[in-house]
Amino acid sequence: TLVAHFVDHLPYYRMEQINARSGVHTPRSTLASWSGAGGASLLPLYEAHRAFVLSARVLHADETPVRMLAPGTGKTAKAYVWAYARGEHDGTPGVIYDFCSGRGSKYPAQFLSDWSGTLTCDDYGGYDIVFRREGCIEAGCLAHARRKFDELAKAQASPVAAQALMRMAKIYRIENQTREMSVQARLAHRQQYARPLWNELHAWMKLERARVPDGGGIAAALDYSLKRWEALGRFLVDGAVSVDNNHIENLMRPWGLGRKAWLFAGSELAGQRAAMVMSLVQSAKLHGHDPWVYLRDVLERLLEHPSHRIDELLLHRWTPPA
């Protein structure tokens with residue numbers, strides 16, 4: 001039931017119909033109850049997994065809206081899933097989801113209260129409170145900056161946008177060459193080949209910004225990049241940092257698929273338990289494990305597994321049973 005709902009994105013009413021074809025009566029309320037019980041059982045493992053993800057020096061962060069049934073109203077309200085993933089170039093991947101009732105800055109501030117390092121994110125102001133703490137460094141997303149020019153280029157609204165895309169494409173081609181490199185080799189390669197192009201791009205953007213009038217789309221696109229230039233260039237001073245935030249955006253896609261299938265979470269508690277299960281099954285996929293095999297094994301073992309050895313069940317240490 002957990003895998004069908006959170007990996008295959010089947011809503012409970014469809015699972016009820018599928019099971020009925022095999023002569024098995026499983027009301028959707030029963031299926032929802034099973035999922036809730038499974039999520040509750042996984043809480044100790046989720047907390048250990050959270051500690052593992054937040055032990056990374058480089059993180060990606062993003063958030064996406066989901067609908068949640070508002071208590072006593074019969075209507076839905078907007079909630080948010082926040083995602084935090086270990087750096088794209090980290091050898092031991094992992095993602096953790098946090099289901100929250102809002103999008104305020106208090107949510108990342110609380111979740112990352114004991115963390116320090118480099119956080120790759122978009123320009124959303126909710127993360128600013130994190131960067132006010134000592135030891136927390138912001139890394140920008142070049143893909144976000146690029147999209148603003150891409151939209152203008154597709155609409156043929158400005159020839160400057162097409163030039164910006166060509167210049168950024170050269171930087172991305174160099175970045176693609178570094179995928180399999182070590183952190184040190186990646187940084188050296190970027191410094192040698194990407195840094196000159198980056199400096200040329202900066203000088204060109206400042207020159208074009210002086211030429212275009214305020215208030216237009218191209219002015220806004222240029223302002224976005226120039227305003228965040230230091231954060232956008234963080235990948236040039238740290239080989240463990242990615243050039244963009246696409247890694248976490250890809251890990252948000254399962255929530256988009258689920259949102260279309262099951263439409264909303266039944267409650268804040270149901271959303272939180274969904275986040276627990278999704279954190280583990282998506283991390284299992286990152287490690288190449290079968291989520292069904294993993295969940296079945298750990299749910300059987302958690303009841304008797306010593307709490308002080310819970311880390312043995314984390315994805316980077318777990319091995320499939322014979």
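Reader: At what angle do helix α13 and helix α14 pack?
Author: About 125°, with axes 9 Å apart. Helix α13 covers residues 268-286 and helix α14 covers residues 291-302. Axes are lines fitted to C-alpha atoms, for helices over the stretch in contact, and angles run from 0 to 180 degrees between N-to-C directions. Helices (H or I, at least four residues) and strands (E, at least two) are DSSP runs, numbered from the N terminus. This is a predicted model: local features need pLDDT of at least 70, side-chain atom pairs count only at pLDDT 80 or more, and totals for chains, interfaces and linings use all residues. Residues are numbered from 1 along each chain as its sequence is written, and side-chain values use heavy atoms, with hydrogens and water left out.

Reader: What does that make α13 and α14 to each other?
Author: Oblique, therefore. Angles under 35 degrees count as roughly parallel, over 145 as roughly antiparallel, 65 to 115 as roughly perpendicular and the rest as oblique.

Reader: Which residues meet there?
Author: From α13, Leu 280, Val 281, Ala 284 and Lys 285. From α14, Pro 291, Tyr 294 and Leu 295. Contact means heavy atoms within 4.5 Å. By class, the contact of α13 with α14 has six nonpolar residues, no polar and one charged. Ala, Val, Leu, Ile, Met, Phe, Trp, Tyr, Cys and Pro count as nonpolar, Asp, Glu, Lys and Arg as charged, and the others, Gly among them, as polar.

Reader: And how do helix α8 and helix α9 pack?
Author: Their angle is about 170°, and their axes lie 9 Å apart. Helix α8 is residues 159-176, helix α9 residues 183-211. α8 and α9 are therefore roughly antiparallel to each other.

Reader: Which residues make that contact?
Author: Among them are Val 160, Ala 164 and Ile 171 of α8, with Tyr 193, Leu 197 and Trp 204 of α9. The contact of α8 with α9 holds twelve nonpolar, two polar and seven charged residues.

Reader: Which way does β1 pair with strand β2, parallel or antiparallel?
Author: Antiparallel, over eleven bridges. Two strands pair if DSSP finds at least two bridges between them. Pro 65 stands opposite Tyr 80 in β2. β1 and β2 form a hairpin with six residues between them. In the turn, Gly 72 has a positive phi of about 75°.

Reader: What about strand β4 and strand β6?
Author: β1 pairs with β4 (residues 117-120) in the parallel sense, over three bridges. There, His 60 has Thr 120 as its bridge partner. β6 (residues 264-265) also runs parallel to β1, joined by two bridges. Arg 67 is partnered by Phe 264 in β6.

Reader: Is Thr 64 buried or exposed?
Author: Thr 64 counts as buried because its relative accessibility is 12%. Thr 64 sits in strand β1.

Reader: What does Thr 64 touch?
Author: Leaving out residues up to four places away in sequence, Thr 64 touches Ala 79, Tyr 80, Val 81, Met 252, Trp 255 and Arg 259.

Reader: Now the whole protein. How many helices and strands?
Author: The protein has 14 helices and six strands. Of its 322 residues, 51% count as buried.

How values were computed. Buried < 20%, exposed > 50% of the residue type's maximum accessible area, 1.4 Å probe, protein only.
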